[in-house]
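Subject: Structure handover

Hello,

Here is the structure I promised to pass on. Please open it first, then read my notes below.

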Amino acid sequence: MCLAIPGKIVELAPDMPHLGVVEVSGVRRRVDLGLLQDDMPRPGDWVLVHVGFAMSKISEQEAAEQMRMLRMLGEDAAAMDEIRGYSE
Amino acid sequence: MAHGAGGKATRRLIDGLFVPLLFDQPPEHLGDAAHVAMDGTRVALTTDCFVVTPLAFPGGSIGELAVNGTMNDLAVSGARATALVATFVLEAGLPAAVLEAEVRAMGRAAVAAGVRVVGGDTKVVEHGKLDRLYITTSGIGSVLPGVTLAPGAVRPGDKVLLSGPIGDHGITILLARGELDLEASLRSDTRSVFPLVEAIVSAAAPALRWMRDPTRGGVATALNELALDCGLGIHLFEDRIPVRDEVRGACELLGLDPLHIANEGQFLAVVAAEYANRALDALRAAPGGAEAALIGEIREEPAATVLGTTPYGGTRVIDMLVGDPLPRIC
Amino acid sequence: MTMRFVDEFRDPAVITRTCEEIRRLADPARHYRIMEVCGGHTHAIYRFGLKDLLPPNLELIHGPGCPVCVLPMGRIDDGLLLAQDPDVIFTAFGDMMRVPGTQGSPLEHKAKGVDVRIVYSPTDALKLARANPTKRVLFFAIGFETTAPSTALTLMRAKAEGIRNFSVFCNHVTIIPAIRAILDSPDMRLDAFIGPGHVSTVIGCRPYEWIARDEHRPIVIAGFEPLDLLQSVVMLLRQLKDGRAAVENQYTRVVPWEGNRAALRAMAEVFELRPYFEWRGLGFISQSALRIREEYAAWDTEKVFQVPGVRVTDPKAAQCGEVLKGVLRPVQCKLFGRECTPERPVGALMVSSEGSCAAYYNYEHRKATSPRRIEAPV
């Protein structure tokens with residue numbers, strides 16, 4: 001139900017609009033793009049692949065934002081500790 | 001069918017059936033090759049059977065596997081191969097060109113490995129009775145001086161070394177079968193590991209405790225067998241295990257663990273801590289050993305268990321396979 | 001080469017800091033019980049050793065989101081009975097291959113000469129049908145809403161191409177009724193949920209709103225990397241600390257709040273809800289499973305073939321139901337590790353690698369220091 005892997009679209013089949021080739025760490029697999037027909041991915045886009053279908057486009061922006069928030073966690077905490085230190 | 005996959009079922013078959021019926025006394029431990037005393041010297045003896053499909057694949061073919069596989073069984077028992085014999089069992093109707101190609105491949109592999117093929121046999125069975133071609137090879141060799149290997153010699157604090165990246169062979173075969181529609185530029189890693197074994201023996205013979213080539217069942221199975229035999233815990237540093245990108249990509253896509261995938265050109269060695277760096281340097285300096293790595297260490301606990309550890313402190317038990325590794329979607 | 005969108009979320013330094021935040025947020029006076037619904041999350045938790053990183057008063061309970069685990073044995077028997085016909089090619093995902101029916105597993109049947117093949121995608125099964133016009137290809141479909149759209153689209157392609165020797169044996173189930181069954185269970189005490197990340201790429205986040213609104217439990221839709229799961233725990237702890245209960249999306253790089261409309265359309269075109277369906281361990285649940293619509297009857301195994309409709313009751317001793325609902329931990333089932341092991345599974349929770357019992361057995365239960373040191377010869 002859950003094994004889905006990020007892959008990069010490297011090719012679209014010119015004669016079959018719903019098929020593309022996705023690359024995961026150098027491994028290529030044909031992938032059905034039919035579930036993304038409302039917003040078709042293009043070569044260079046990253047998609048989530050599950051049972052040979054692209055399920056969703058991966059938002060690089062959201063990924064970067066998430067990592068930024070995660071990295072801030074520690075910094076917030078360090079800042080809090082420092083402030084606490086002043087009042088002790 | 002699970003009994004041939006190299007994991008738990010194979011071990012039960014061996015321990016439960018073959019050992020009690022065939023061995024006059026239980027062997028100290030079941031290694032890849034037997035060392036037999038003969039006329040005042042110790043001779044290493046091994047046999048193996050090769051049944052791969054497809055017969056030829058990127059990086060090699062059944063003929064090469066047959067030679068290298070037997071070389072490697074002797075090598076990891078601490079022996080230099082002297083001679084091989086081979087039996088070909090053919091399905092009637094196998095094209096002569098296919099057979100010739102495999103015989104040539106065997107010849108080339110033997111020359112590359114520096115071993116002589118001194119005899120063999122051929123049998124033909126009815127069409128449909130076997131899958132094209134099976135090869136059994138038996139090898140004989142001389143035990144390298146100064147080498148005594150046994151699981152019982154392994155001690156807490158010893159280090160686990162690996163000769164190179166894992167998973168190449170098994171994934172190559174899986175992709176070559178064509179059922180999963182995956183493409184990658186991967187090749188089988190089939191080769192004789194004897195030059196690397198020789199290098200580690202030269203550098204660390206007195207401290208070398210145990211060696212094994214992780215074929216069917218992968219590194220996980222080989223190390224689980226060691227853990228069971230010596231009763232100690234084996235801690236693997238998962239981020240230090242060398243895996244090629246494409247092997248990793250294929251495994252992530254299919255839900256497989258590289259630690260369970262067969263290798264045909266690698267080996268594991270357990271070395272006392274004081275010699276570990278020396279041994280690793282010797283491997284890396286030898287041709288084909290550049291990617292060798294120190295991947296783990298032996299500890300008291302958890303007993304008889306292989307544990308994977310991550311850089312952030314998570315741990316998981318790494319078990320033997322039950323049957324063949326299967327792709328999953330969940 | 002790092003794997004993009006994977007390795008960043010396994011950054012050890014960030015993981016360590018996130019765990020520190022978890023320890024800061026967790027109230028030592030409370031015992032937290034958080035359920036991860038999805039079997040893929042169960043697998044990830046064990047594979048990455050995440051339990052080692054959580055404070056002892058934070059317990060992760062494994063939920064029923066394992067489509068192999070909840071599949072009644074009778075359905076496997078049905079499928080394999082049809083597979084005995086030499087004209088039939090039985091196809092299924094690898095996950096199904098070792099699941100035992102009463103007459104053995106698909107892999108055991110394959111060893112006896114039945115034409116059983118592993119496929120990675122339903123489109124691979126369709127490809128087999130195209131390549132073998134004299135055979136009838138049966139695709140044994142399992143999975144929640146993550147997988148159902150792919151089956152749906154494959155059926156649409158089969159119909160469009162007029163491929164007549166292909167049919168789907170549909171065992172797709174839906175996640176919301178499973179969560180309802182958990183919350184309705186009188187033995188359950190749960191504080192919060194880690195929501196299924198990949199199911200949600202299809203159904204979006206709205207379907208979970210009743211959990212927060214009516215049941216007052218926070219739910220965070222989570223990704224599958226260590227940092228995804230740990231960040232989700234942080235988000236849940238913050239809600240619990242503030243006394244809030246809301247649906248939050250942690251997996252924003254992949255999960256759209258509104259879900260995937262094209263996928264939902266495909267499902268609606270091909271499937272309809274069964275009035276009820278039996279879930280192994282949970283009993284009959286209404287409106288919880290999909291069947292193929294009349295318009296696609298020619299591709300519905302249950303219409304094309306005579307399906308026996310075998311019903312198999314689980315051995316009474318197997319406590320799969322309670323483990324599925326999170327009432328019991330795997331070790332607490334009387335058969336765990338004794339009569340029931342991954343090699344000889346009695347219940348399906350031990351067969352699927354994401355089933356809580358198998359995951360626990362394979363990854364965890366030998367970690368405890370054991371006095372089993374074998375005396376080796378010196």
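Which residue stands opposite Asp48(B) in E7(B)? It is Thr137(B). Please keep in mind throughout that this is a predicted model.

**The sheet in chain B**

Strand E2 of chain B covers residues 41-50, and strand E7 of chain B covers residues 133-143. The two run antiparallel and pair over 8 bridges. They sit in an open sheet of 5 strands in chain B. The order is E1-E2-E7-E5-E6, with mixed pairing. At the edges stand strand E1 (34-38) and strand E6 (116-125) of chain B. Each has a single partner strand, so one side of each is left without a neighbour in the sheet. From one strand to the next, the twist averages 20°.

**The nonpolar core**

The largest nonpolar core holds 246 residues. Which residues touch the most other members? Ile200(B) and Ala279(B) do. Helix H10 of chain C (residues 226-242) gives the most to this core, with 9 residues. As background, nonpolar side chains in soluble globular proteins tend to be buried together.

Look at Ala279(B) in detail. Setting aside neighbours within four places in sequence, Ala279(B) is in contact with Leu161(B), Ile200(B), Ala203(B), Ala204(B), Ala269(B) and Val271(B).

**A covered helix in chain C**

Next, go to helix H3 of chain C, residues 73-83. This helix is mostly covered, with 8 of its 11 residues buried. Among the buried ones are Arg75(C), Asp77(C) and Asp78(C), along with Ile76(C) and Leu80(C). What covers the buried residues of H3(C)? The cover includes helix H4 (106-111) of chain C. It also includes strands E3 (88-92), E4 (116-118), E5 (136-141) and E6 (166-170) of chain C.

**Where chains B and C meet**

The contact takes 36 residues from chain B and 47 residues from chain C. By class, the side of chain B that touches chain C has 17 nonpolar, 8 polar and 11 charged residues.

**Chain A**

Chain A has 88 residues, and 41% of them are buried. It contains 1 helix and 5 strands. Along the sequence the pattern is β-β-β-β-β-α. Among contacts in chain A between residues at least 6 apart in sequence, 29% join residues at least 24 apart.

Over to you.

Best wishes

Notes
Residues are numbered from 1 along each chain as its sequence is written. Chains are lettered from A and ligands numbered from 1 in the order in which they are written. This is a predicted model: local features need pLDDT of at least 70, side-chain atom pairs count only at pLDDT 80 or more; totals for chains, interfaces and linings use all residues. Two strands pair if DSSP finds at least two bridges between them. Helices (H or I, at least four residues) and strands (E, at least two) are DSSP runs, numbered from the N terminus. Axes are lines fitted to C-alpha atoms, for helices over the stretch in contact, and angles run from 0 to 180 degrees between N-to-C directions. A nonpolar core is a set of buried Ala, Val, Leu, Ile, Met, Phe, Trp, Tyr and Cys residues joined through C-beta atoms within 7 Å. A residue is buried if 20 or more other C-beta atoms lie within 10 Å of its own, exposed if 12 or fewer, and partly exposed in between; C-beta atoms are placed from the backbone. Two residues are in contact if their C-beta atoms, placed from the backbone, lie within 7 Å. Ala, Val, Leu, Ile, Met, Phe, Trp, Tyr, Cys and Pro count as nonpolar, Asp, Glu, Lys and Arg as charged, and the others, Gly among them, as polar.
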